[in-house]
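Please keep the sequence and the structure in view while reading.

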Amino acid sequence: MNDFDGEFNKLKDVKRSEDARMISLKKVMARSNKKKFNILPLVFSSFTVFAVGLFLMMTVKEDTPVVESGKTIIDAQTVHEVPIVELTPRMFTVEYEVDNMDRGDHDYETLGTGRRIAVDPGVLDFHRGDVIYFTTPEYSNGNSGLNLPEHYISRVVALPGEKIEIKKGQIFIDDKKLKSFYSYPTVRGRNKEEYLKTVNPENSAMNEEDFEENMESIVVSKGSVFVIGDQWWRSIDSRHFGLLSLSKVEGKVIGYRMEQ
Amino acid sequence: MEQSLEQLYLEHSNRIYRYIFLQVRQKELAEDLTQETFYRAFKSIHSFNKQASMSTWLLKIARNATYDHFRRKRIIQFFGFGKGELEDSNASLPEDKLVKKDEASRLYKALSTLKKDHQDVLILRKINESSIKETAYVLGWTETKVKSTMARAFAALKKEMYRMEGNNG
């Protein structure tokens with residue numbers, strides 16, 4: 001094992017200019033200080049959003065489920081902000097490092113941030129829009145670099161008994177258009193128009209066609225759900241591995257654990 | 001508090017920079033990711049729980065920041081880590097070259113041809129001199145995986161070095 005020790009030692013002297021080092025320090029300190037003032041209102045506002053959301057969930061969800069009219073299903077009550085929650089005894093916390101739920105704020109990507117995700121294993125029935133934590137089903141697309149983690153997070157989009165179909169990047173449930181922030185593809189939270197405006201089409205990760213994904217209809221069987229990660233192009237989900245059996249679900253993702 | 005964050009930076013930033021540079025091989029990008037690392041670290045410094053040493057904790061954040069960067073660019077899938085970057089114009093600026101024409105630069109080149117797991121473990125174990133336990137922490141692996149990957153990485157590196165030797169006469 002001692003081979004190349006000399007060479008490795010030489011690689012230890014990576015040159016770095018003193019100027020660059022000090023400039024970086026200034027930038028980091030400036031950025032950190034700037035955020036200092038912002039963090040408090042941020043925590044407060046997200047907490048308020050959560051409190052309001054919770055209130056709505058308790059009151060509204062029971063009485064007025066998702067609005068269904070002739071042609072559309074509207075889920076306006078699921079919010080995309082990740083709430084910050086206090087742990088209850090039955091919850092557990094996990095770290096997550098996949099960006100398949102990223103809506104522009106590194107949502108649910110907690111690895112290295114010190115944050116943890118709170119999961120409630122006690123929730124047994126799921127609603128559309130719920131985010132769940134589950135054992136990643138066996139899946140391979142022939143890419144050896146895929147390297148799926150053992151557990152995965154995605155959003156429940158279709159429930160048992162429902163028929164789901166994707167036409168030109170739009171989800172349909174039982175032939176009704178699903179209207180919500182998660183019913184079409186986004187890149188870091190930006191939709192097709194917003195995204196294509198900001199990139200150079202020559203070398204962008206997504207082009208127009210990629211936003212117009214199609215999937216043939218599939219009926220969700222009993223005991224399973226259909227899940228999709230919010231950032232479609234970065235996500236491996238039911239579009240790839242098919243229906244997710246509820247036996248693989250470890251729990252409902254409640255939000256980020258409130259920091260003690 | 002501010003004073004100590006600054007000290008933290010002065011004490012650790014060169015090591016973090018080196019770790020990142022060996023993976024991305026571009027000076028400016030390495031500076032950017034070093035900044036990102038310390039920014040993330042300062043933001044969550046209160047959650048640093050001494051489970052690992054400060055420098056190992058920072059390495060883990062640096063690893064994630066670097067990983068995020070590559071993931072964003074989808075380089076992982078298409079080129080394998082780093083390979084694409086070596087040909088990058090920035091990388092051939094003279095000051096970015098380490099030690100020219102000797103074994104170290106040969107090793108530097110050989111490293112870039114290895115798969116990401118192998119690079120990860122070699123850089124941490126041989127250049128950063130992290131222990132097996134620390135390496136496992138940074139990479140989020142088990143210690144067994146670190147050991148077995150290390151053995152394979154070494155074999156792959158050796159093979160590559162001999163292959164390059166063969167090519168250069």
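Across the boundary between the chains, 36 residues of chain B are in contact with 31 residues of chain A, where contact means that the C-beta atoms of two residues, placed from the backbone, lie within 7 Å. The model is predicted, so that local features need pLDDT of at least 70 and side-chain atom pairs count only at pLDDT 80 or more, while totals for chains, interfaces and linings use all residues. Residues are numbered from 1 along each chain as its sequence is written, and chains are lettered from A and ligands numbered from 1 in the order in which they are written.

**The side of chain B that touches chain A**

- At least two residues of this side come from each of α1 (2–24), α2 (27–43), α3 (54–72), α4 (75–78), α6 (103–113), α7 (116–127) and α9 (143–168) of chain B; helices are DSSP runs of H or I with at least four residues, strands are runs of E with at least two, and both are numbered from the N terminus.
- By class, the residues on this side of chain B divide into 16 nonpolar, eight polar and 12 charged, counting Ala, Val, Leu, Ile, Met, Phe, Trp, Tyr, Cys and Pro as nonpolar, Asp, Glu, Lys and Arg as charged, and the others, Gly among them, as polar.
- B:S13, which is placed in helix α1 of chain B, is in contact with A:R21 and A:S24 as well as with B:T34 and B:F38, leaving aside its neighbours within four places in sequence.
- B:S13 counts as buried because 22 other C-beta atoms lie within 10 Å, the cut-offs being 20 or more for buried, 12 or fewer for exposed, and partly exposed in between, with C-beta atoms placed from the backbone.
- Between B:S13 and B:T37 there are 24 residues of separation in sequence and 9.3 Å in space, C-alpha to C-alpha.

**Chain B and its helices**

- Chain B has nine helices and zero strands, and 38% of its 169 residues are buried.
- Of the contacts in chain B with a separation of 6 or more, 67% are between residues 24 or more positions apart.
- The axes of α3(B) and helix α8 (residues 132–139) of chain B come within 8 Å and cross at roughly 35°; axes are lines fitted to C-alpha atoms, for helices over the stretch in contact, and angles run from 0 to 180 degrees between N-to-C directions.
- Among the buried residues of α8(B) are B:E134 and B:Y137, and the helix is followed by B:G140, whose phi is positive, near 70°.

**Nonpolar cores**

- In the largest nonpolar core, which has 39 residues, B:I16, B:Y19, B:I20, B:L58 and B:A62 touch the most other members; such a core is a set of buried Ala, Val, Leu, Ile, Met, Phe, Trp, Tyr and Cys residues joined through C-beta atoms within 7 Å.
- Helix α1 (5–11) of chain A and α1, α2, α3, α6, α7, α8 and α9 of chain B each supply at least two residues of this core, and α1(B) gives the most, with eight residues.
- Leaving aside neighbours within four places in sequence, B:Y19 is in contact with B:L59, B:A62, B:I123 and B:N128.
- A second, separate core of 36 residues includes A:F134, A:W232, A:L244 and A:Y256.

**Chain A and its strands**

- Chain A contains four helices and 14 strands, and buried residues make up 27% of its 260 residues.
- Strand β12 (residues 224–228) of chain A is largely enclosed by the rest of the structure, because four of its five residues are buried.
- Strand β7 (residues 151–158) of chain A runs antiparallel to β12(A) and is joined to it by three bridges, with A:V156 opposite A:V227; strands pair if DSSP finds at least two bridges between them.
- Two bridges join β12(A) to strand β13 (residues 244–245) of chain A, also antiparallel, and A:S224 has A:S245 as its bridge partner.
- A:R188 lies in the loop between β10 (176–179) and α3 (192–198) of chain A, and is partly exposed, with 17 other C-beta atoms within 10 Å.
- Although A:R188 and A:R103 are 85 residues apart in sequence, they are 4.3 Å apart in space, C-alpha to C-alpha.
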